Amino acid sequence: MRANWRRPRTGGLLTLALAIALLPWFLPNAFFFDVAINVGLAAIVCVGLNLLIGYAGQISLGHAGFFGLGAYCSAILTQRYGWPPTLALLSGMLLVGVLAFAVARPILRLRGHYLAMATLGLGIIIAIVLNQETALTGGPDGMPVGRFAVFGLAIDGDWMWYWLVGGALLVTVWLALNLIESPIGRALRAVHGAEIAAATAGVDTTRYKVLVFVLSAVLASFAGSLFAHYTGFLTPDEATFFRSIEFVTMVVLGGMASVFGSVVGAAILTALPQFLTVFQDYEQVVFGLVLMLVMIFLPRGLVPSLLGYAARSG
Amino acid sequence: MLRVERLSKAFGGVQAIRELSFALEPGRIQSIIGPNGAGKTTLFNLISGVLAPDSGRIWLADRDITGRRPFELARVGIARTFQNLQIFFNMSVRENVMLGCHRHLERGFWRCLVRSPKIARSERACRERADEILRRVGLAGDPDAPAESLAYGALRRLEIARALATEPRLLLLDEPAAGCNARETKEIDALIQGVAADGVTVVLVEHDMRLVMNISERILVLDHGERLAEGTAAEIRANPAVIAAYLGSTAAGASDAA
């Protein structure tokens, strides 16, 4: 395929690859590596979530549930049943995919924001189950998770984790961009723009809404599994409603329908609370405030607004 | 071509379509007229699957299509435009038309995900096809412009372009000339005649009697969801019931023009 360097996707992809490749050389210590790795994991979730929110115009308030379910799948299958980590990770993705499909299929036949309500409920149910099933999950006390390994190669230490998560993020962004620029991406945007017109023009709107919902849920599960092995200790806090709102805030801040915006949004809202200690106590308030301010003053989000500004002035 | 049998649809207590039966012949331009609230748009919504009928059947060339969903109907060759425009304002002019090509495109999930060469080829062909249709409807100016930058009359033609991109057998146009000036209406007139000449059956809902009388080979008149009359333009103009219910004094003006 002919590469076109002036197309934003190629330039953006190169910039992201370069940023991921260069960043670790400027990270002074393990704390910064930890932030960067968490940024990458959140960004994977947000890129998937943006396909759903920004492109297809559907809202999920339960993606932390899928993140948490993936994380616990990996934790439980590796710790309690001795499965290899990659197999546990794939099983988590499969389970979450099936669950997301079962929930979305009846709901997404309808037009409107029913999905937001359904995912809100689902996320809360998942959090409750993770808290209650103490025999499997350890309940609120959490459970330890062993090391991650890919085909026998143990992933250990900041550098290896950084490259694994960075590589996964780059691949995720590449796949998302491919999808957006395909007939499926166009169909998703059409569903967002005028759903009835999309349907009468031959787009099976339900199918695509379900597809992108399942895809975004599976990506959250994938990131959750990596997160479980990376932190080495898992609590149900990762699957709470507040975490779901965090993901949505990252997408909205970075920019709806902007894949790179999601990476930026995830970076800002993951890194800031780590560096600004005032955030620690008022985290929920600050996230709510950010969400409101962006909706009012930058409804398109950071990256699309900045790109638009750059295009106008240059 | 299209056959409607004893079709009924009510909204609450309002009977929008009542026991309506008619048949369309292939490759012709036919119009549906009638006063506001006669059920014209409801009829389009029923034929295109946007609404499901309460009773009655719809046949497309001997295939029962009653209750099929809109995308399925698009795939058997029914396309439509909307009276209240349904444009993808979050897309470019060209993309609006490319979306119409959807059912003809290579669009497997895994192929799209890795952007296989097959997808790239199919997208290139779709792009060229969209530009060709845009030229045909007179919108070739700036296909990369956002759709929201177009004027009202141009948006009507963009809807027609998107419908044509589906390569329909039956094209339902809901007030294509609404809000258009005389010159734009003339362009739409020529466009519709050209489409029909290609063998597409065109059904028009329109209030511009000059356009209707000029273009239609047959006219169906609806009133309160029922068939009031059916016939050629000359027959409809001379029908006393139609004059009383709908045409009124405008009939004289329309017949002068025709």
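1. Strand 7 (residues 170–174) and strand 8 (residues 201–205) of chain B run parallel and are joined by five bridges. Pairing here requires that DSSP finds at least two bridges between two strands. Helices (H or I, at least four residues) and strands (E, at least two) are DSSP runs, numbered from the N terminus.

2. A word on conventions. This is a predicted model, in which local features need pLDDT of at least 70 and side-chain atom pairs count only at pLDDT 80 or more, while totals for chains, interfaces and linings use all residues. Residues are numbered from 1 along each chain as its sequence is written, and chains are lettered from A and ligands numbered from 1 in the order in which they are written.

3. Those two strands belong to an open sheet of six strands in chain B, with the order 6-7-8-3-9-10 and mixed pairing. Strand 6 (78–80) and strand 10 (226–231) of chain B are at the edges with a single partner strand each, so one side of each has no neighbour in the sheet. From one strand to the next, the twist averages 20°.

4. On the other part of the sheet, strand 3 and strand 9 of chain B pair in the parallel sense over four bridges, and Ser31(B) has Ile219(B) in strand 9 as its bridge partner. Strand 9 and strand 10 of chain B run antiparallel, with five bridges between them; here Val221(B) stands opposite Ala229(B). These two strands form a hairpin with two residues between them, and His224(B) in the turn has a positive phi of about 50°.

5. Which helices lie across this sheet? Helix 1 (residues 40–47) of chain B lies across strand 3 (29–33), strand 6, strand 7, strand 8 and strand 9 (218–223), and runs at about 150° to strand 7. Helix 10 (residues 240–247) of chain B lies across strand 3, strand 9 and strand 10, at about 125° to strand 10. For these angles, axes are lines fitted to C-alpha atoms, for helices over the stretch in contact, and angles run from 0 to 180 degrees between N-to-C directions. Contact between two residues means that their C-beta atoms, placed from the backbone, lie within 7 Å.

6. Chain A has 14 helices and four strands. Of the 314 residues, 49% count as buried, where buried means 20 or more other C-beta atoms within 10 Å of the residue's own, exposed means 12 or fewer, and partly exposed lies in between, with C-beta atoms placed from the backbone.

7. How many residues does each chain give to the contact between chain A and chain B? Chain A gives 25 residues and chain B gives 32 residues. On the side of chain A, helix 7 (157–180), helix 8 (183–193), helix 9 (195–200) and helix 10 (205–231) each give two or more residues. Helix 8 of chain A has the largest share, eight residues.

8. Please look at two loop residues with positive phi. Most residues other than glycine have a negative phi. Ala257(A) has phi near 60°, in the loop between helix 11 (241–254) and helix 12 (259–275) of chain A. Glu167(B) has phi near 55°, in the loop between helix 6 (152–165) and strand 7 of chain B. Is each buried or partly exposed? Ala257(A) is buried, with 23 other C-beta atoms within 10 Å, whereas Glu167(B) is partly exposed, with 18 C-beta neighbours inside 10 Å.

9. Last, Val259(A) sits in helix 12 of chain A and is buried, with 28 other C-beta atoms within 10 Å. Leaving out residues up to four places away in sequence, Val259(A) touches Val47(A), Asn50(A), Val173(A), Ala176(A), Leu177(A) and Ile180(A). Val259(A) and Leu169(A) lie 90 residues apart in sequence and 11 Å apart in space, C-alpha to C-alpha.
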